[in-house]
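Subject: Structure handover

Hello,

Here is the structure I said I would pass on. My notes on it follow below.

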Amino acid sequence: MKRELGAYLYLTLAMTIVGSSVVFGRIITQAFPVFLASGLRFALASLVLAPLVAAPSRRPPRLPGKDWFILVLMAFCGQFIFTLFLLWGLRLTSAMEAGMITSTTPAAVALVALILLRERLSLRSALGVGLALAGVLIINGLPEAGLEPRPGRSWGNLLVCGAVLGEGVFLLLRKFLSPALDNLALTAYLSFLGFLMFLPPALYQAAGFDFKSAGRVEWGAILYYGLFFTVAAYIFWFKGVARVSGTTAGAFSAVMPVSAVVLSGIFLGERFTWVHGLGGVLILGAIGLMAPKRGGEKRVSLSKPSPIKERG
């Protein structure tokens with residue numbers, strides 16, 4: 001029982017951090033250009049992860065050219081596209097709505113697998129995809145009752161949807177990567193590749209940016225986004241996921257949208273409306289349907305803590 005309670009705590013902390021990422025992402029986009037903020041994030045993550053991977057007790061395996069090609073594609077979809085579209089979207093939409101939409105990642109994975117890999121959907125998966133799409137359409141298509149309309153809100157939500165689809169491709173690409181590459185090394189490689197992809201536009205934006213214009217809160221958000229969202233959430237998830245069943249681990253992904261909603265209200269003052277409630281109920285139902293069935297693996301050894309990103 002003590003072991004399970006510890007696992008539940010780790011999983012809850014991991015998903016709470018993931019949900020909070022949209023809150024801090026919105027704070028970041030109000031002060032920093034998107035490319036510069038992303039470059040700083042991946043630079044911090046790489047600095048923290050590099051010594052962990054390079055420790056004398058660890059020997060990352062040599063990878064064939066195919067694996068490096070897949071790593072670059074994963075970094076482009078998971079680090080570059082996801083981060084870029086999410087932060088651009090957060091300039092236009094609310095953190096609350098972005099958090100709900102990003103929690104549809106399991107449905108996006110199933111949809112991308114259907115389109116790109118021609119994988120058949122089970123009835124549960126098909127229903128989950130349908131509920132997730134309905135939830136997103138409600139959040140994006142209905143006016144926010146009692147709130148002033150935000151210009152560009154629909155475009156912001158569509159950008160977040162694009163980020164989720166990029167994440168779906170990212171997760172599927174992991175299936176084609178050598179299992180000899182452990183999760184810590186994979187995360188470090190992807191963080192560094194993400195840093196390299198953002199470096200040229202980040203340097204361009206840095207040249208004209210007044211770094212003194214960002215206050216302590218904004219710099220703190222950069223630190224949180226680069227360290228807690230990456231390293232801490234990664235550690236918590238894998239500490240917990242190794243101790244529980246796939247069904248249990250999948251169920252904890254429901255913490256993410258709840259975390260996003262609550263923290264958006266606390267830190268950003270965003271209001272929760274019946275539109276959010278209706279869309280959120282459908283998305284939570286989708287998460288429940290997409291969770292692994294009982295009777296599967298007794299313990300999970302996930303290569304990717306969905307929707308935590310191995311992107312640094």
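Searching the whole structure turns up 4 salt bridges. Please keep in mind that this is a predicted model. In general, side chains of opposite charge can pair when their charged atoms come close.

Another salt bridge is formed by Arg-153 and Glu-97, whose closest N and O atoms are 3.2 Å apart. Here the link runs between distant parts of the chain, from helix H7 (residues 153-173), which holds Arg-153, to helix H4 (residues 95-102), which holds Glu-97; the two residues are 56 apart. Arg-153 is buried, as is Glu-97.

Glu-119 and Lys-175 also form a salt bridge, with 2.9 Å between the closest N and O atoms. Each of them is in a loop: Glu-119 between helix H5 (105-116) and helix H6 (123-141), Lys-175 between H7 and helix H8 (183-207), so parts 56 residues apart in sequence are tied together. Glu-119 has a relative accessible area of 31% and is therefore partly exposed. Lys-175, at 53%, is exposed.

As for disulfides, a search of the whole structure finds 0. Cys-77 has 14% relative accessibility and so counts as buried, whereas Cys-161, with a relative accessible area of 22%, is partly exposed.

The largest nonpolar core has 77 residues. Val-22, Phe-32, Leu-71, Met-74, Leu-86 and Trp-237 have the most contacts inside this core. Leaving aside residues up to four places away in sequence, Met-74 touches Gln-79, Phe-170, Leu-173, Arg-174, Leu-177, Leu-186 and Leu-190. In soluble globular proteins, nonpolar side chains tend to be buried together.

Last, confidence. The protein chain has an average pLDDT of 84, and 88% of the residues score at least 70.

Regards

Key: Residues numbered from 1 in each chain as written. Predicted model: local features only at pLDDT ≥ 70, side-chain atom pairs only at ≥ 80, totals over all residues. Heavy atoms only, no water. pLDDT = per-residue confidence, 0-100. Core = buried A, V, L, I, M, F, W, Y, C linked by side-chain atoms within 4.5 Å. Buried < 20%, exposed > 50% of the residue type's maximum accessible area, 1.4 Å probe, protein only. Contact = heavy atoms within 4.5 Å. Disulfide = S-S within 2.5 Å. Salt bridge = Lys/Arg side-chain N within 4 Å of Asp/Glu carboxyl O. Helix = DSSP H or I, 4+ residues; strand = E, 2+ residues; numbered from the N terminus.
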